[in-house]
Amino acid sequence: MQTYLLSQQFNTRSLAENSTACPANATICSGTSCVLPEDNFNETLSVVLSAVLTIMLALVMFSMGCNVDIKKFWGHIKRPWGIFVGFLCQFGIMPLTAFLLSVAFNVLPVQAVVVLIMGCCPGGTASNVIAYWVDGDMDLSISMTTCSTLLAMGMMPLCLFVYTKMWTDSNTIVLPYDSIGISLVALIIPVSFGIYVNHRWPSKAKVILKVGSIVGAILIVLIAVVGGILYKGSWTISPKLWIIGTIFPAAGYSLGFFLARIAGLSWHRCRTVSLETGMQNTQLCSTIVQLSFTPEQLELMFTFPLLYSIFQLLFALLILGGYRLYRRHRVKTKTDVEKTEEKEDSKSTSSHAKINGGFVSNETK
């Protein structure tokens, strides 16, 4: 009986130890926190969803191109003041903000590097969809996204060389130029077809645009959900990175808007520059991080791109909601003022007619 009790105690203790230990196939272990390699199901799911999302994104960018006037688009290219302001925001404000946040919160070197990589990434395509919903300048939005992706091939290495000296050698960071090139091609080709359709068949382009804008809104939410499924990890992210992930996109939106306003851009272009500044290409950041760092380093930094993408989406939706409320209130107020003025004009006309014995025309009744 005593032997049986000892055996039971041993089995209970073993189970307790095994419940707190990482699985044998874990790639990263730190106490009870571990990262498991993708199983076949996740790998298959990732491939299928990537293909579906790529096709959907191409269709959305095609529809966004249907809202681009080729003359206005070419005007932005020939007189690139708006693009230049966006360039200053994208590769001036964002990397500097990333550097200042990393220093202010005194994060670990590898964590500071991932924050800087995020700050140096070009704008994401989701900004084009949100820009449409906030009545932004679509010609400027798409030209900024295209130019920032193209210029990222030279500006990303330069910004990382300047800002990462404090923590690491910039030569250790691998930039996936093929991924940047694919992003550029995936943006230019569908947008070009959309511009052509808008030029040849404007009425059909409007229908495509409405459908594409709705699909684009769904796609943004879908990407966030899929990212949460595929990039789940059981480790706890540093509280400092949570704070930076919250502040960083908000600072990008705010600073982009104010710089555009200081530069004298119109309100709808200020909204466009703001979105292009705050919304980064988080998929590119994740790719760079995976190519450049060891599994032990990834444990401390891998979830930051996902964290940033969640908060940049939340703030973008807040901007969208705030703008829609403002627009509804402004239109309502403007309508009320116009009705009041019409009533006052009608009363003054009637009284004038009575005094002078004239008649009131049908237009003023």
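The largest cavity in this predicted model has a volume of about 70 Å³ (a volume being the space filled by probe spheres set on grid points joined across faces, edges and corners). A search of the whole structure turns up one cavity of 30 Å³ or more. On a 1 Å grid over the protein atoms alone, a cavity is a set of points where a 1.4 Å probe fits but cannot get out, while a pocket is an open set with protein on both sides within 12 Å along at least five of seven lines; lining residues have an atom within 4 Å of a point.

As for what surrounds the largest cavity, its lining includes Ile83, Phe87, Met144, Leu151 and Glu276. Both α4 (81-105) and α7 (138-163) supply at least two residues of that lining; helices are DSSP runs (H or I, at least four residues) numbered from the N terminus. By class, the lining has five nonpolar, three polar and one charged residues (Ala, Val, Leu, Ile, Met, Phe, Trp, Tyr, Cys and Pro count as nonpolar, Asp, Glu, Lys and Arg as charged, and the others, Gly among them, as polar).

Now for the second largest pocket, which holds about 330 Å³ of space. Of its 14 lining residues, Phe257, Arg271, Ser274, Ile319 and Tyr323 sit closest to the centre.

Residues are numbered from 1 along each chain as its sequence is written, and side-chain values use heavy atoms, leaving out hydrogens and water. Because the model is predicted, local features need pLDDT of at least 70 and side-chain atom pairs count only at pLDDT 80 or more, whereas totals for chains, interfaces and linings use all residues.
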